Amino acid sequence: MGRIVHFEIPSENPEKSLDFYSKTFGWKAQKWGEMDYWLFETGETKNPGINGALIKKQQHFTTVINTINIDNIEQTMESISKNGGEVISPVMDLPEVGKIAYFKDPDGNVFAVIEDAK
């Protein structure tokens, strides 16, 4: 069963958004890699909830994106297409993290799926 494990918030103005989420909710942000991508720590791990990220708005990334953890990314991508979804990115390697890809559900909502590094 896939479970939502991460979210991404797209922003036209990342600096302004980072400031907003930090001051409003106390979230801690840390830049990840060379891209316009900041990881959010949204609370203590002992409390329910998930962490996420802030990304620069792009073509398909215009609304909040939830990431679903799955066991086999190739099978999942086939299942997405077979069941009326649309694959919108190739499978990408995230060093030391796993593999990720993005898709749209039949209503056009964008999600990501991630297969953890083994």
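This is a predicted model: local features need pLDDT of at least 70, side-chain atom pairs count only at pLDDT 80 or more; totals for chains, interfaces and linings use all residues.
1. The largest pocket holds about 540 Å³ of space. Its lining is made up of 22 residues, and Glu8, Tyr37, Leu94, Ile100 and Tyr102 lie nearest the centre. Elements that give two or more residues to this lining are β1 (3–11), β3 (37–41), β5 (65–70), β7 (92–94), β8 (98–104) and β9 (110–116). By residue class, the lining has 13 nonpolar, five polar and four charged members.

2. Three salt bridges are found in the whole structure. One of them joins the side chains of Lys23 and Asp19, at 3.3 Å from N to O. Both residues belong to helix α1 (residues 14–25), and because they are four residues apart, about one helical turn separates them. Lys23 is exposed at 65% relative accessible area, whereas Asp19 is partly exposed at 36%.

3. Lys46 and Glu44 form another salt bridge through their side chains, at 3.4 Å from N to O. Here Lys46 is exposed, with a relative accessible area of 67%, and Glu44 is partly exposed, with 48%.

4. The side chains of Glu74 and Lys99 also meet in a salt bridge, at 3.8 Å from N to O. This pair links distant parts of the chain, with Glu74 in helix α2 and Lys99 in strand β8, 25 residues apart. Glu74 counts as partly exposed at 39% relative accessibility, as does Lys99 at 28%.

5. Helix α2 (residues 73–82) also contains Thr76. Thr76 has a relative accessible area of 18% and is therefore buried, the cut-off being under 20%. Leaving aside residues up to four places away in sequence, Thr76 touches Ile70 and Val113.

Note on methods. Residues are numbered from 1 along each chain as its sequence is written. Side-chain values use heavy atoms; hydrogens and water are left out. On a 1 Å grid over the protein atoms alone, a cavity is a set of points where a 1.4 Å probe fits but cannot get out, and a pocket is an open set with protein on both sides within 12 Å along at least five of seven lines; lining residues have an atom within 4 Å of a point. Grid points are joined across faces, edges and corners, and a volume is the space filled by probe spheres set on the points. Ala, Val, Leu, Ile, Met, Phe, Trp, Tyr, Cys and Pro count as nonpolar, Asp, Glu, Lys and Arg as charged, and the others, Gly among them, as polar. Buried means under 20% relative accessible area, exposed over 50%, partly exposed in between (1.4 Å probe, protein chains only). Contact means heavy atoms within 4.5 Å. A salt bridge is a side-chain nitrogen of Lys or Arg within 4 Å of a carboxyl oxygen of Asp or Glu.
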